[in-house]
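Let's walk through a structure together, one question at a time.

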Amino acid sequence: MKKVVFTLTLVVAICVCAVMTISGREKEKGKEKETRFTFQTIFFPGDTFTQLLGINDFDVIAGYHGANVNKGFVFTFPNTFTPENFPNSAQTQVIGINNRGFTDGFFIDVAGTTHGFLDINGNFTTVDFDGTTFNQLLGLNNFDQAAGYFMDAAGICHPYIFDNNGKVFLLIIIPLPTGGTASAQATGINDRGSISGFYMDSAKVNHGFLIAKGTFFTLDFPGATSTQAFGLNNEDDVVGAYVDAQGLTHGFIFDDGHFQSVDDPNGVGTTLINGINNRGQVVGFFVDGAGNTDGFVATPRGEREDD
């Protein structure tokens with residue numbers, strides 16, 4: 001039986017000081033820098049709504065299915081879905097996964113409150129920032145450090161890192177040039193301690209970010225009206241989604257100062273990338289021609305592909 005543990009935590013805070021903005025440049029198609037992928041569609045049997053959200057280096061994938069009632073799972077190739085749901089929860093999304101198969105995400109209890117969680121060797125732990133009633137964990141590294149956020153009563157999101165080893169929250173404060181702090185989410189943390197996420201400025205525009213080696217980088221896909229970063233790997237390659245001038249959504253990879261736009265061929269303009277492993281494989285989801293939400297795995301050509 002899975003064990004449920006409620007934790008007490010300490011809190012420390014960092015304020016982002018060193019700041020750089022990267023609009024970067026988009027990789028040109030046909031150039032050497034562009035990565036080409038082979039795409040594989042994955043959907044939960046009998047369902048029309050599947051999202052793949054995290055992938056580790058052993059091709060094990062975290063996700064959930066069900067548009068109205070979210071049910072978490074871990075997927076292993078070629079076609080095994082293992083249910084993973086917080087005990088006695090109303091809904092669960094499994095989002096981050098590390099190389100030991102530990103996961104994080106969030107669940108909604110029967111009273112309608114949203115909580116973050118960790119699943120370490122089948123032991124579920126609720127993770128809530130003290131005094132809050134809405135938490136989500138969105139990424140997990142191999143040191144059991146999770147990226148997430150809480151939302152306050154005013155609807156402002158506050159990003160943090162939760163270190164499961166010391167039961168400590170690291171609160172991330174992103175100042176706005178116009179004053180105050182940004183509403184933001186931390187979406188991933190790698191083994192180097194780099195952090196991905198996104199924030200909303202005073203004009204309600206979303207910008208991706210990467211915190212690496214003590215510097216805060218704003219990530220804006222060239223020409224986009226909105227950019228959100230949803231994950232990263234140990235090479236500080238960042239993935240996410242952007243909205244173009246026509247209102248269409250595309251996935252992206254940010255690698256060494258360059259953006260590459262990535263669409264599943266079955267969902268051009270409806271693609272979102274949520275996770276990337278150290279082999280450069282990415283996972284996400286798209287809306288197909290029938291209006292269904294389907295998960296996908298994209299493998300760089302030259303890498304091993306699973307049947």
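**Around Ala 212**

Q: Which residues does Ala 212 touch, not counting residues up to four places away in sequence?
A: This is a predicted model, where local features need pLDDT of at least 70, side-chain atom pairs count only at pLDDT 80 or more, and totals for chains, interfaces and linings use all residues. Residues are numbered from 1 along each chain as its sequence is written, and side-chain values use heavy atoms, with hydrogens and water left out. Taking contact as heavy atoms within 4.5 Å, the residues that Ala 212 touches are Ser 194, Phe 217 and Asp 236.

Q: Is Ala 212 buried or exposed?
A: Ala 212 belongs to strand S20, residues 206-212; strands (E, at least two residues) are DSSP runs, numbered from the N terminus. Buried means under 20% relative accessible area, with a 1.4 Å probe and protein chains only. Because its relative accessible area is 8%, Ala 212 is buried.

Q: What distance separates the C-alpha atoms of Ala 212 and Arg 192?
A: Along the chain these two residues are 20 residues apart.

Q: How many bridges join strand S7 to strand S8?
A: Two strands pair if DSSP finds at least two bridges between them. S7 (residues 61-65) and S8 (residues 71-76) run antiparallel, and His 65 has Lys 71 in S8 as its bridge partner. The number of bridges joining S7 to S8 is five.

Technical notes:
Helix = DSSP H or I, 4+ residues; strand = E, 2+ residues; numbered from the N terminus. Buried < 20%, exposed > 50% of the residue type's maximum accessible area, 1.4 Å probe, protein only.
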